[in-house]
Amino acid sequence: MAFPTHPDNFFEHFRVGQVLEHATPRTVTAGDTALYTALYGTRFALHSSDDFARSLGLPQAPLDDLLVFNLVFGKTVADISLNAIANLGYAAGRFGQPVYCGDTLRTVSTVTGLRQNKEGQTGVVYVHSRGLNQRGELVLEYNRWVMVRKRDATAPAPHPVVPELPSTVPATDLAIPAGLHSRGYDTTLAGSPHLWEDYQPGERIDHVDAMTVEEADHMLATRLYQNPARVHFNQHAERGGRFGRRLVYGGHIISLARALSFNGLANALRVAAIHGGRHVGPTFAGDTIYAWSEVLDKTPLPAAPDFGALRIRTVAAKDRPCADFPYQVAEGTYEPAIVLDFDYTVLMPRRESRGA
Amino acid sequence: MAFPTHPDNFFEHFRVGQVLEHATPRTVTAGDTALYTALYGTRFALHSSDDFARSLGLPQAPLDDLLVFNLVFGKTVADISLNAIANLGYAAGRFGQPVYCGDTLRTVSTVTGLRQNKEGQTGVVYVHSRGLNQRGELVLEYNRWVMVRKRDATAPAPHPVVPELPSTVPATDLAIPAGLHSRGYDTTLAGSPHLWEDYQPGERIDHVDAMTVEEADHMLATRLYQNPARVHFNQHAERGGRFGRRLVYGGHIISLARALSFNGLANALRVAAIHGGRHVGPTFAGDTIYAWSEVLDKTPLPAAPDFGALRIRTVAAKDRPCADFPYQVAEGTYEPAIVLDFDYTVLMPRRESRGA
Amino acid sequence: MAFPTHPDNFFEHFRVGQVLEHATPRTVTAGDTALYTALYGTRFALHSSDDFARSLGLPQAPLDDLLVFNLVFGKTVADISLNAIANLGYAAGRFGQPVYCGDTLRTVSTVTGLRQNKEGQTGVVYVHSRGLNQRGELVLEYNRWVMVRKRDATAPAPHPVVPELPSTVPATDLAIPAGLHSRGYDTTLAGSPHLWEDYQPGERIDHVDAMTVEEADHMLATRLYQNPARVHFNQHAERGGRFGRRLVYGGHIISLARALSFNGLANALRVAAIHGGRHVGPTFAGDTIYAWSEVLDKTPLPAAPDFGALRIRTVAAKDRPCADFPYQVAEGTYEPAIVLDFDYTVLMPRRESRGA
């Protein structure tokens, strides 16, 4: 019998209520942030400059929120999705404590639902994952559901449990980093004069720039996140697989789309919530990613009057400029070029609060 | 009307005397220096070892000067050259305070000249750019001129102003980092016994080694510098463009040539000035860069008697070894393989001052 | 005459007893560790988390041992193997003081043997190399022998000296980092419940996962190590060379194989010795590396009763899954897919010592 090398969980191995403490803990450093910049070219001032962060009341520049997302997510893969066929969705993602260089992150997941599919070969696993820092404080929580293979098709189907997941995170649940204020917020250094008041629901923004993905890029990123999902790395095996080549990790596209969104959303200084996300189509090396965004909603934040929340949908497309805002051709059916539909909330300074 | 996403300056938007404070401020870290090493394989001891730097009177290893150049330059692109057709030249570049990990850099530019071209579709913009640290100290200044498109060809031509730019930075203007000395300078650790006395004007040096450029390499570098110029990143658009593919950022070639120059110039421990630079031809992924240098001049430095200045011309060529020192075939006309003609001054320890 | 750019040592330039102090000293940082993670996706908890390292009695996470190996090795190349034809072997490699971010590494080698080959064009150079930190403490020593060209075939053959090299490093010579203990070792965070007691000589482990190598990957790695061996970087010259393309640095494959070995050896928290290593075949970009390991021996460590030593052979193959443990087809003759045969010792916590 082969020496065990992985948790190697199949659908029938999960139990509702099961708690999975994931390996490998990770101390994040300035090396991670430099690599993140080199991988995506991100230009948001809060994450780029310690001085800028201090001018807003934080002790230093926090890590980019989606770097945190990818690091926290990466830890779950070995236990949850190594035998997954598809990543079906995200819900109720909420960022907590900001993460700083020197913090050590780990992830703990709880299985919140299980539903075997009718064909009997697969099932959907729902997990609630929590990223924690070295003090046990929450830095990110989110729900995710994935379709996982059964190893043994004759294993009995579990009692179906499907958790109720909110379609949005309410504004009152958004975490505002302690001490964060917008007094003296420098829109020139931040790269745009447009603040919360300048965005209205329904506004659509073409992010104009685009980025071609290379094999080395997406593999460097996915390894940085210590995400071991095989489909991203093994050309020898994938040559004979579904697509004939390596698949780009979906979180790489989320990070890329967020970096592109600087053109038009430069003052969106913090991702506060992820309401939902769908990897609508696969991305491969050689594809060029474009993106556009729509403002879905805006909300003042009584607990943090310097800032307002903008709910944003960012859509990424491959090999297709987004000046005409390509999206669904029918409810749930996307234009073929679309690869990502991402629904999230950002914090942005309010004009009237600056310089107060 | 489209939501504004960029400064999107065209020729007619610039005014002589205009000051542009560029986004995004950047705290530089050990992550940037490690990436710079991984991108170019640079081996200059002063930038590689904190202990070596301390042995020369500095508090720690300063960042490679051309990493500083590329970071300072990158910030100017969104405001100045996003609608540029060509980067025409550099002059009077001067490095100031050394940059250390933890410093935060920003760039401020002043428009010093404008001259519309005769065809009326483009014009030349002259800028003087200053890189500043968190204390407002100058880390680098340089002049650059670029050919920029007009958006509206009927916009009136500005009164032509062309700044007088010196062809060289005089040795008396070179900044010597405070405290820097060469007592106990270890030529063995530095990798070469050849010091300032060993170089004479007219000496030509083949740097022998060469480096093939990959798409992932130059894009990682250009993103690290937060330089958003589209032509480097978007294969989908460039496929139908001038070259049919992505163009390598010129600063990537400068850094590569400087790293190659370690073979023969290992003790050239600081770039002190950039007198001029021309990106003579385009570089693409797959090209292999070779380089050679000529000593143009040498000057003692009365204010820093431990060191001498060497004015160097480094020439980079693609897919062509440089043992025979390829250069111009006529005044201003280069051999087809040449991609870079770079004229700069380095500081090098003097033999007689060591061990004093 | 060409200006000298390299040490450019050929076989006839070496003398037994000669000491080579190699350039370039290197301060290692969190940037190096982040890049190492991005290059290999390594997941060993001790090197990933400062908190995990502190729970085992160390002040912070030490650098991955093979990152140390590659950095120490890289420094020797310019002096020893720039004119080498083949890297013939390693012996008696021993890791000493753990290396932490902020340490500065340098390498000193002694020529311990010389033997000209019969054809008179080449000879074997034996060196003992020592990697030292800024306090002069040994972080790694190893022996290596390489076949080096003669520049002048008529140069007289030296008196042949072949050092006696042990086939293994005895367990009593293994360095245990001061203060390291396994009390409270968290196998869940480390990613595997299998401890020293669970491994028996003869056990073979397929590491299952695999990694496709890209040109950008291996060049970034080799440059990070400041290893200037030309064959890895210059496609223009290699096009006409032995393989028609760039060769992947052998140390890149060692690091990759060790990272893959996490699947089955997750608690192998320190490489303590390298008994031998052979780069059996060349690796090129596009190859996919698989690996498997065999436990060759196990030894308790009286000086460190919390840990046991496992002698491991890790074999890497290209474009060939390793579920059937491919190896030699006859003594010294390997299956064609094999690229690496690496014989080393790891430390692993013992079950009975935990929680004591």
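Predicted model: local features only at pLDDT ≥ 70, side-chain atom pairs only at ≥ 80, totals over all residues.
View 1. Now try the move with another pair. A rotation of 120°, again with 0.0 Å of shift along its axis, puts chain C on chain B at an RMSD of 0.0 Å. Look for C:G31 in this view: within chain C, its C-alpha is the one nearest the axis, at 2.2 Å. Here too the copies use different surfaces, and 15% of the contact residues of chain C recur in chain B.

View 2. Let's take the contact of chain A with chain C to begin with. Chain A brings 33 residues to it and chain C brings 38. Which elements of chain A supply at least two residues each to the side that touches chain C? They are strand 2 (26-27), helix 1, strand 4 (104-116), helix 6 (215-224) and helix 7 (235-238) of chain A. Helix 6 of chain A gives the largest share of that side, six residues. Sorted by class, the side of chain A that touches chain C has 14 nonpolar, twelve polar and seven charged residues.

Next, move to chain C and chain B. In this contact, 33 residues of chain C touch 38 residues of chain B. On the chain C side, two or more residues come from each of strand 2 (26-27), helix 1 (30-40), strand 4 (104-116), helix 6 (215-224) and helix 7 (235-238) of chain C. The largest share, six residues, is from helix 6 of chain C. That side of chain C splits into 14 nonpolar, twelve polar and seven charged residues.

**View 3. Helix 1 of chain A crossing helix 1 of chain B.** Zoom in on these two helices, residues 30-40 in each chain. Their axes come within 7 Å and cross at roughly 55°. That angle makes helix 1 of chain A oblique to helix 1 of chain B. Is the crossing left-handed or right-handed? For helix 1 of chain A and helix 1 of chain B, the crossing is right-handed.

**View 4. The surroundings of B:I205.** Last stop: a single residue. B:I205 lies in strand 7 (residues 204-206) of chain B. Why does B:I205 count as buried? Because it has 24 C-beta neighbours inside 10 Å, and the cut-off for buried is 20 or more. Leaving aside neighbours within four places in sequence, B:I205 is in contact with B:G264, B:L265, B:W292, B:S293, C:F3 and C:T5. As for B:T76, it is 129 residues from B:I205 along the chain, and their C-alpha atoms are separated by 33 Å.

Notes: Residues numbered from 1 in each chain as written. Chains lettered and ligands numbered in written order. Contact = placed C-beta atoms within 7 Å. Helix = DSSP H or I, 4+ residues; strand = E, 2+ residues; numbered from the N terminus. Nonpolar A, V, L, I, M, F, W, Y, C, P; charged D, E, K, R; others polar. Axes fitted to C-alpha atoms, helices over the stretch in contact; angles between N-to-C directions. Parallel < 35°, antiparallel > 145°, perpendicular 65-115°, else oblique. Left-handed = near helix turned anticlockwise from the far one by under 90°. Buried ≥ 20, exposed ≤ 12 C-beta atoms within 10 Å, placed from the backbone. Least-squares fit on C-alpha atoms with pLDDT ≥ 70 in both.
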